[in-house]
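Subject: Structure handover and notes

Dear colleague,

I am passing on the structure we spoke about, together with notes on what came out of it.

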2 protein chains.
Amino acid sequence: MSEISKEELDEIYAFAVQLGKDAGEMLMDAAKVRMGDVGTQEQKEHVQKENAVDLVTETDENIEAFIKKQITTKYPSHKFVGEESYSKGASRHYLIDDTPTWCVDPLDGTVNYIHLFPMFCVSISFIHASKPLIGVINAPFLNQFFSSCADRGAFLNETQPLPLLHNPIPPLPANAPSSCVFSCEWGKDRRDTPDGNMHRKIESFVNMAAEVGGRDGRGGMVHGVRSLGSATLDLAYVAMGAFDIWWEGGCWEWDVAAGIAILQEAGGLITTANPPEDYARAPIEDVRLGSRLYLAIRPAGPSPAETGREGQERTVRGVWQRVRNLDYSRPGA
Amino acid sequence: MSEISKEELDEIYAFAVQLGKDAGEMLMDAAKVRMGDVGTQEQKEHVQKENAVDLVTETDENIEAFIKKQITTKYPSHKFVGEESYSKGASRHYLIDDTPTWCVDPLDGTVNYIHLFPMFCVSISFIHASKPLIGVINAPFLNQFFSSCADRGAFLNETQPLPLLHNPIPPLPANAPSSCVFSCEWGKDRRDTPDGNMHRKIESFVNMAAEVGGRDGRGGMVHGVRSLGSATLDLAYVAMGAFDIWWEGGCWEWDVAAGIAILQEAGGLITTANPPEDYARAPIEDVRLGSRLYLAIRPAGPSPAETGREGQERTVRGVWQRVRNLDYSRPGA
């Protein structure tokens, strides 16, 4: 495993930021062609002929090909892991190892993009020694560009430090998960199987939402429940401090790598979604990228009673107390 | 009831648009002061002293006072209904009558604003003869400004016609609610009462989400479930075509009036959330503003099999088949 110098990392960061800008522009241009706002006659006829899903697949593939070409030209020795390049779920192995690796989702929030709901983005991360060091997330229809590099800070639109409230960073609420904004996703697995993932998720959501004292003492009375349909943007908003808690299962590496880089650089915590048996005392470890089970807590400052980290761990345990184990493993594992 | 001329309405529209811009700027400035980005020393010290909820209440009241002053100065004969001016739920009467009326929410998505999640907005509508004629929604942190005036079209950022996909407007999916994006909110009523509103909502959400064939045949297998925490922006995204369906109970007039104006001008349909007994055949009527129960369907073009309106009505019935009646009445009514 080779070391990366400060200068090299700076250069890689600048390259990643520019790549995120270019790819985001491609994504937005493709959206505008669909809206009929721009584009050549040929492009407009193409849009008329194809259905929305085929068009989106084409955009997805084109942007990934562009990003891959830029990366492999500039850094031929680096590994490339892209959503479109991997047949989803084909590998039984963790995709990320010690090699310097780029992990890319050319379009996260695909359903949103199909329907032109603005919560979609390009997501690019650079990983070294299994640690996401650089994250770039560009949500062009929101005009929101998130970026971070290890030890250089995390930013919205390159100038605004994350979390947004940072002077000082507020502690987590003393009664968390109450007073917290809870972000979660319904996902694609909608099988109506008793005790299957969908029903375990719903039971968990309802526990988090219900009044304190309800649900046999599990009611969390969160301040709000939000579902955006983009794991990447969920993580970006946790890094921003806008969401206090994000809990999800089933994501792949490219869905979360850039978001994890940005969240951790902003001071957030990310661990496993599935509560350990001794949830009140088990050690809280950083999640392994690729585990498919994630619980993220926003950056937090100290209160008179505890450090920021203590508040985050208390919140993790408050969530673990209320959620079910989800059944997502790596295929074949 | 006085008539309003075309010229008068044009003037009122221009006034409402400018008012939405000014109020949105006030809202974003207050957010920036909280982030520590701008503001005088005095303002920054004030932010340090107050807690987030008090600050937000103050911003809410300041913006409503500003809007009210502008309106009552310019149009002293018009009625003003603002969220902050009314003690919520105090009136047993419908707030909107035949008088020319401004219905204003200075800050919709209050929880989002407290946490600085970008889904918050100013909402201004002008209503005449009980019909919302003008709608202005400004979500300044998203750089999204929605506006409409009767017979003059509905727009995003003043130039982009709504719905976004308009050349042609796509029909609703043949298998709706499957393939649809379904927007819904958990709301504030989290009482863990058997068959209470929270549990009726959850049962309805799960029916809409579950696989086709699941839930004793009620599974709707929607394409995605979204929860933003802002009724106003939910309606704006239905008008945009980004959400196909929005279903909600409990909103007040100021939460929905501007969104309804924009949705209807864009070609969307809005009726009641609560399924009539004969849901498959009952007439589908425009909702009464103030009923607190809303089901919105996006603008739709024709397919070879049906008109756009037929597709919308088919979708309404597909939702009614899967949702429970909610128990929200006007206080005292």
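This is a predicted model: local features need pLDDT of at least 70, side-chain atom pairs count only at pLDDT 80 or more; totals for chains, interfaces and linings use all residues.

Backbone geometry

With that numbering, Pro177(A) falls in the loop between β7 (160-161) and β8 (181-183) of chain A, and the peptide bond that joins Ala176(A) to Pro177(A) is cis, with omega at about 10°. In chain B, a cis peptide bond joins Leu162(B) and Pro163(B), with omega at about 0°, and Pro163(B) is found in the loop between β7 (160-161) and β8 (181-183) of chain B.

Arg292(A) has a phi near 70°, a positive value in a residue other than glycine; Arg292(A) lies in the loop between β11 (269-271) and β12 of chain A and is buried, with a relative accessible area of 9%. For Arg292(B), phi is likewise near 70°, again positive in a residue that is not glycine, and the residue sits in the loop between β11 (269-271) and β12 (293-297) of chain B, where Arg292(B) is buried at a relative accessible area of 9%.

Leu295(A) belongs to strand β12 (residues 293-297) of chain A and is buried, its relative accessible area being 0%. Phe80(A) and Ile96(A) are 16 residues apart in sequence and, from C-alpha to C-alpha, 9.9 Å apart in space.

Helix α5 of chain B

Does the span of this helix agree or disagree with its number of residues? At 1.5 Å a residue, the 13 residues of helix α5 (residues 197-209) of chain B should span 18 Å, and the end C-alpha atoms are 18 Å apart, which agrees.

Salt bridges

Side chains of opposite charge can pair when their charged atoms come close. Over all chains, the count comes to 28 salt bridges, of which a few are described here.

Glu203(B) forms a salt bridge with Arg324(B), the closest N and O atoms being 2.9 Å apart. Glu203(B) lies in helix α5 of chain B and Arg324(B) in the segment after α9 (308-320) of chain B, so the pair ties together parts that are 121 residues apart in sequence. Glu203(B) is partly exposed, with a relative accessible area of 28%, and Arg324(B) also counts as partly exposed, at 21% relative accessibility. In chain A, Asp195(A), Arg200(A), Glu203(A) and Arg324(A) are linked in a network of salt bridges.

The side chains of Asp189(B) and Arg191(B) meet in a salt bridge as well, at 2.9 Å from N to O, and Asp189(B) is buried, with a relative accessible area of 16%.

Glu11(A) and Lys74(A) are joined by a salt bridge of 4.0 Å, N to O. This pair links distant parts of the chain, with Glu11(A) in helix α1 (residues 6-35) and Lys74(A) in helix α3 of chain A, 63 residues apart. Both side chains belong to partly exposed residues, Glu11(A) having a relative accessible area of 44% and Lys74(A) one of 42%.

Which residues form the negative surface patch? The patch is made up of Asp54(A), Glu58(A), Glu61(A) and Glu84(A). Glu58(A) has its place in helix α3 (residues 52-74) of chain A, and it is partly exposed, with a relative accessible area of 30%.

Best regards

Terms used. Residues are numbered from 1 along each chain as its sequence is written. Chains are lettered from A and ligands numbered from 1 in the order in which they are written. Side-chain values use heavy atoms; hydrogens and water are left out. Patches are made of residues with over 30% relative accessible area and no salt bridge: like charges are joined within 9 Å, nonpolar side chains (Val, Leu, Ile, Met, Phe, Trp, Tyr) within 5 Å. Accessible areas come from the Shrake-Rupley method with a 1.4 Å probe; for residues, only the protein chains shown count as cover. Lys and Arg count as positive and Asp and Glu as negative; His and the chain ends are not counted. The place of a charge is taken as NZ of Lys, CZ of Arg, CG of Asp or CD of Glu. Helices (H or I, at least four residues) and strands (E, at least two) are DSSP runs, numbered from the N terminus. Buried means under 20% relative accessible area, exposed over 50%, partly exposed in between (1.4 Å probe, protein chains only). The expected span of a helix is 1.5 Å times one less than its number of residues.
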